[in-house]
Amino acid sequence: MDFELSPLQRERYAGINAAVAERFAEHETCTDPELVRLAWKDAASIGLTGMCLPEEHGGAGLGALDTALGLEAFGRSCSDMGLVFGVAAHLLSCAVPVWEFGTDAARELLAGMAAGDVIAGNAMTEDEAGSDVGRIRTTAKGSGDAYVLEGEKSFVSNAPIADVFVTYAVTDPAAGFLGISAFAVPRELDGVVVGPPLPKMGLNGCLAARVRFEDCVVPARYRLGAEGSGGAIFQHSMAWERGCLFAGYLGLMERQLAECVGRTTRRRQFGRKIAGFQAVSHRIARMRQRLESARLLLYRACWLLDQGRTDVGAIAMAKTAVSEAAVANSLDAMQLFGASGYLADAGIEEQLRDCLPTTVFSGTTEIQLELIAREAGL
Amino acid sequence: MTLDEVTPRIRTFIAESFLDGDPKGELTESTPLLEWEVLNSMNSALLLNFLREELRVEVPLASINAANFRDITSISKLVSGLTAVPAEGA
C-alpha cells in the first residue's frame, strides 16, 4: 500500500492548479451564455475538457484517478463551482460514453468536445424519473437507419449552451432498465427544443434547462452501444461522475479550509486570535478530518476504476462522504466567518449554495446509502 | 463453474436481496426479472457486484442487456459461459 502520489501526479496537479489560478484569477460566476462559453474555452486551454479522452481524440489519456486530481486542482483554484461542475459533467457523463461506446461518426464529436468547442449535456432525468432511471418515458422508435425521439428531459446541465445531448430513451418497454438505449443527439437536429435557463439555488455558472424531443429523427449512427445497453452505459458513466466529478469538491474544501484558517488567525476578539478559542480550532480540525477522510475514499474509488473494477459500494461511499463533508464544511465555514460569511462578498454563502446540491445530483445520498447497506448484506 | 453450480447461487441472491427471501416460493428460473421490475437500476448494480465479488465474474458491459438478464436461466448461462472462458495468457 502506498498513499503517496507519484512525482508526475504531483507535478501535474501543481501545473493545473497554477494554470487555473492564473486563468481564473479575475473570473466570477457568470450566467451570460456567451461569457460562460468563454470560460469554457479558458478551461479547455488548460486541457480540462478532455483529460480522460485518448490523445487521438484530443484528450490527455488520463485514467480516473489522474482525471480526479485534475478536477480537484480545478476546484481548488476556481471559485465558480458551476463551471467546474459543468465541465466535469460534460467530460464524464457525456464525452466518456461517446468515446467508449460511440460509432466512428459519434466519435467525430470528441475532438470538439475535448477542445471545449462542442459542449455536451447529459439528458436522462425526467419529471417522474430521478433516482429510478428505469422510469423514463422518452421513447426512441426505430425506423430503419434512424430513431424517432419523443419526450422531455426535466433537468439537463449545460443545456442552454450545449451542442450535443447524450440522451437516454426507451427502445424496448418490456425490458425495463435494460430496455433503454443511449444516443448522442446533435442540438442542430430538427425537433430538439431547449427551454430557457432554469433558475437555481447554486452552481449558477452551469446553466441548466429542460430539453424536449419532438418527433426528432436521430440517425442510428448516433446510437451509443447496442440497442438496450443505455442503462448499463448510464451506470458506467455515473461511476466516472461519482468518482471524478466530486474531486472538484475536494478542491473547494481545500480552498475553503485555507480561507477559514486565514480568517480565524487574522480575526481578533477579546484580545486574541479567534483561532485560539478551542471551539473554533476544533471546528477547523473537524473540517480537515472530513476533507481528508473523504479524499481517501474518493482516491480509492477512482483507483479501483483504473483497475477495471466498478465497485458500487466504494463509489457510493466516496460520493456520500465528499458530498456530506462539503455541506458540513460549508456550514462550518459560514459559522467561522460570522456575519461577513453571510454576505456575498466573502464567497462563503456561494460555496454553501454550490455544495448543497451535491447530496442530490449524481444519485441522492439516500440511494447511495441504500446501495452501501444492501451491499453489506442488509 | 457449471450451470448447476451457478444457478442456485444466483437464485438465492435474488430471492434474499430483492424479494425478502421469496417466502411464497414464487421465484422460478423463468420469472421475467426485467418485466416485473425485480431487476431495476439499483438491483442490477447490486447483482453485478455480487457476480464480481462472490462469483468472481466480471460481466462485460456489452453483455449487460435484456437477453442476458431476462431471467435466472439466462443470467446463469451468461455467468457459466464467462467462467468457462480461459483466462488471458492461460
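Is D32(A) buried, partly exposed or exposed?

The model is predicted; local features require pLDDT of at least 70, side-chain atom pairs count only at pLDDT 80 or more, and totals for chains, interfaces and linings use all residues. Residues are numbered from 1 along each chain as its sequence is written, chains are lettered from A and ligands numbered from 1 in the order in which they are written, and side-chain values use heavy atoms, with hydrogens and water left out.

**View 1. D32(A) occupies the loop between α1 and α2 (33–45) of chain A.** With a relative accessibility of 37%, D32(A) counts as partly exposed (buried means under 20% relative accessible area, exposed over 50%, and partly exposed in between, with a 1.4 Å probe and protein chains only). A polar atom of the D32(A) side chain lies 2.8 Å from the backbone nitrogen of E34(A). The C-alpha atoms of D32(A) and S323(A) are separated by 27 Å, the two residues being 291 apart along the chain.

**View 2. Helix α1 (residues 7–23) of chain A packs with helix α3 (residues 64–77) of chain A.** Helices (H or I, at least four residues) are DSSP runs, numbered from the N terminus. The angle is about 30° and the axes are 8 Å apart; axes are lines fitted to C-alpha atoms, for helices over the stretch in contact, and angles run from 0 to 180 degrees between N-to-C directions. The crossing of α1(A) and α3(A) is right-handed (the near helix is turned clockwise from the far one by less than a right angle). Residues of α1(A) in contact include R12(A), Y13(A), I16(A) and V20(A), and those of α3(A) include L65(A), L69(A), A73(A) and R76(A); contact means heavy atoms within 4.5 Å. By class, this contact of α1(A) with α3(A) has eight nonpolar, four polar and four charged residues (Ala, Val, Leu, Ile, Met, Phe, Trp, Tyr, Cys and Pro count as nonpolar, Asp, Glu, Lys and Arg as charged, and the others, Gly among them, as polar).

**View 3. L8(A) is a residue of helix α1 of chain A.** L8(A) is exposed, at a relative accessible area of 51%. Its C-alpha atom and that of E350(A), 342 residues apart along the chain, are separated by 33 Å.

**View 4. Helix α3(A) also crosses helix α7 (residues 230–245) of chain A.** The axes come within 8 Å and cross at roughly 45°, and the two helices are therefore oblique to each other (angles under 35 degrees count as roughly parallel, over 145 as roughly antiparallel, 65 to 115 as roughly perpendicular and the rest as oblique). A64(A), T67(A), A68(A) and L71(A) of α3(A) make the contact with W240(A), C244(A) and L245(A) of α7(A). These residues divide into six nonpolar, one polar and no charged.

**View 5. T31(B) lies in the loop between α1 (3–18) and α2 (41–53) of chain B.** T31(B) counts as buried, at 6% relative accessibility. Its side chain reaches the backbone nitrogen of T28(B) at 2.8 Å. Leaving aside residues up to four places away in sequence, T31(B) touches E26(B), W36(B), R70(B) and D71(B).

**View 6. D20(B) and E37(B) belong to the loop between α1 and α2 of chain B.** D20(B) is not a glycine, yet has a positive phi of about 50°; D20(B) is exposed, with a relative accessible area of 73%. E37(B), likewise a residue other than glycine, has a positive phi near 60°. The relative accessible area of E37(B) is 43%, and this residue is partly exposed.

Conventions
Polar contact = N/O pair within 3.5 Å; in protein donor to acceptor, adjacent residues only side chain to side chain.
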